[in-house]
There are 2 protein chains.
Amino acid sequence: MQYQIENLLPLIEEAISEFKIPVYPESLYMPVNYFMGLPGKRIRPVFVLQALELFKKPEKKDANAAIATELFHNFSLVHDDIMDKADLRRGFETVHKKWNEPTALLTGDALMIFAYQALVFAPEKELKSLLMRFNEMSLAVCEGQQMDMDFSNLPSVPVEDYLKMIDLKTGALIAFSFEMAGFLAEKNESIRKSLREFGASMGRCFQLRDDYLDLFGQESVTGKKLGGDIGNSKLTYPVLCSMAHQKGSEFLSIWNQNPESGQARIDQCLKWMHKNEIPKICIELIDKEIKNGLTLLAGLEGNEETKIRIESLCRQLAYRDK
Amino acid sequence: MQYQIENLLPLIEEAISEFKIPVYPESLYMPVNYFMGLPGKRIRPVFVLQALELFKKPEKKDANAAIATELFHNFSLVHDDIMDKADLRRGFETVHKKWNEPTALLTGDALMIFAYQALVFAPEKELKSLLMRFNEMSLAVCEGQQMDMDFSNLPSVPVEDYLKMIDLKTGALIAFSFEMAGFLAEKNESIRKSLREFGASMGRCFQLRDDYLDLFGQESVTGKKLGGDIGNSKLTYPVLCSMAHQKGSEFLSIWNQNPESGQARIDQCLKWMHKNEIPKICIELIDKEIKNGLTLLAGLEGNEETKIRIESLCRQLAYRDK
């Protein structure tokens, strides 16, 4: 129970298990249940409920609404896996691999609809604004995924464009998760805005840490070979920082080697990055975002003890080792 | 102006053109605009507004909400085209053909989100129930599409299962379109239920007519070669009726010929169907559904002149020649 969320997770798991997923046609709902049952941290509904503790004790109906974030996240994963032709998700076969692409497409569609179904558990007087914000968030996630795909065909992109992309693809849902607490507690737009901006900063940190761990983590802890993103020529933050560095042309000559050079190219890129303090630059941006976010959090009304818990959870995620 | 909808279409086209589709990333929103701009009858929002005329004069905000049905319909078409690997839609290239599958996947996702965006133009006090019904309808459409795909791997299915499938895949959205008028006019559940059931009957008719025209239409009018569904061994209502006929084994021996036999097989199937009065059986079911539906319509409160217009529109669609 690393994240002090021992009191929230059972509420969330209960809401997920009680959420009514139909049975027929089994060819559609078996994949839905399969994917929702894969091991996951349920971190987005945890954010909702932990932020809600700023204002009130989370109740069952709050958890019923909060799982909209988890259902939507799973929708986006199922569709992203199709687009990325990924075979594995959380160590298990992806839906399109275990079944087929049309089934995975409909599985994702159904998960998005289920997310909208969960929203109706929110207080009715908030529903219209909540629905509008959920729609904005959903579109943002689609836009981020489209930008991510577009980037994969480009030799490079400006760092700002990359940050914009991760803010959309990853940050928007995390920002929404924190903001959702404001709706569930029936707080005004100004409070919701602070929650949303706090969440946006955290979302950016988590993705930057992802990028960082792929290149600079410890293989024995992450369980993954370092530099996978370099092998795939994926433009992540450390790579774009390296390109933008004053000695970027030196980096580019290594980066632009034939990808067939494989491990040698990865090793040379990593060596160059360490020599030019790219890991430090990455951590500095994470530090800055955390600091921004925590200023917003400190300025919020709400239970002070909960703020400490939220800070602790976010720090653990932003500086996680795997 | 065949369907007497000359006063409603401009309202709908205005709502569609004013609906705010973002610009960036263009790689996502160009395909969305492309698909929404393909020639289409906008028949679902026409149903909403024409049914609304039972109770009140449709206003701009009603049209803004009604286009949720058109946006959702377009979502389902874009995703169905991916699943069916269709090259053409309404005579134009499909999105996945003109761009690529990942883009089409996200285009469909965005269209579904836009449908939910349009819903917020409905009266706020109806929003929760409307959202719940929209979610049910959306899931039904996905279930119908999954069943349709499942059927394509089977040698036959019971006629009842086929009707269930078309009720979900096609009927649910048409039923919802009529029901939506009840929400926009803030009518009670009993009235909405009658509208929904009327719409369900009509939806079934329109699909049955589709099946009929593919086999028994006039090539010079439909502009398509007759029997395409037989060529594709698609289990449509006339085919399943033929299989369920007392001389079904006779039909099966023709149907089960190697599909390579091509036109000869199609011609023999059609000849057998005409000899055994399958076209008549199809028309009888359409007649029965129309009669059911019109009884529901007659029993509704509402403007009598509008009922006549709705009846006329539905008859034209249920007995259309192309």
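In the predicted model described here, B:K20 is placed in the loop that lies between α1 (9-18) and α2 (26-36) of chain B, helices (H or I, at least four residues) and strands (E, at least two) being DSSP runs numbered from the N terminus. B:K20 counts as exposed because it has 7 C-beta neighbours inside 10 Å; a residue is exposed with 12 or fewer other C-beta atoms within 10 Å of its own, buried with 20 or more, and partly exposed in between, the C-beta atoms being placed from the backbone. Residues are numbered from 1 along each chain as its sequence is written, and chains are lettered from A and ligands numbered from 1 in the order in which they are written. Because the model is predicted, local features need pLDDT of at least 70 and side-chain atom pairs count only at pLDDT 80 or more, whereas totals for chains, interfaces and linings use all residues.

The loop between α1 and α2 of chain B also holds B:P25, which is joined to B:Y24 by a cis peptide bond with omega of about -5°. In chain A, the peptide bond from A:Y24 to A:P25 is likewise cis, with omega near -5°, and A:P25 is found in the loop between α1 (9-18) and α2. Most peptide bonds are trans, and most residues other than glycine have a negative phi. A positive phi, near 50°, is found at A:K85, a residue of the loop between α4 and β1 (88-89) of chain A that counts as exposed, with 11 C-beta neighbours inside 10 Å. Phi is also positive, near 50°, at A:S233, which belongs to the loop between α11 (228-231) and α12 (237-244) of chain A and is partly exposed, with 13 other C-beta atoms within 10 Å.

When its neighbours within four places in sequence are left aside, B:A115 is in contact (C-beta atoms, placed from the backbone, within 7 Å) with B:A68, B:L71, B:F72 and B:F75.

Helices α3 (residues 43-52) and α8 (residues 159-184) of chain B pack with their axes 8 Å apart and at an angle of about 35°, where axes are lines fitted to C-alpha atoms, for helices over the stretch in contact, and angles run from 0 to 180 degrees between N-to-C directions. The residues making this contact include B:F47 and B:V48 of α3(B) and B:F178 and B:A181 of α8(B).

Chain A contributes 31 residues and chain B 31 residues to the contact between them. On the side of chain A that touches chain B, α2 (26-36), α4 (60-84), α6 (101-119) and α7 (127-151) each supply at least two residues, and α7(A) gives the most, with 14 residues. Chain A can be laid on chain B with an RMSD of 0.0 Å by a turn of 180° and a shift of 0.0 Å along the axis, the superposition being by least squares on the C-alpha atoms of residues with pLDDT of at least 70 in both copies; that is the relation of a two-fold axis. The copies meet through the same surface, because 100% of the interface residues of chain A are also interface residues in chain B.

Conventions
Two residues are in contact if their C-beta atoms, placed from the backbone, lie within 7 Å.
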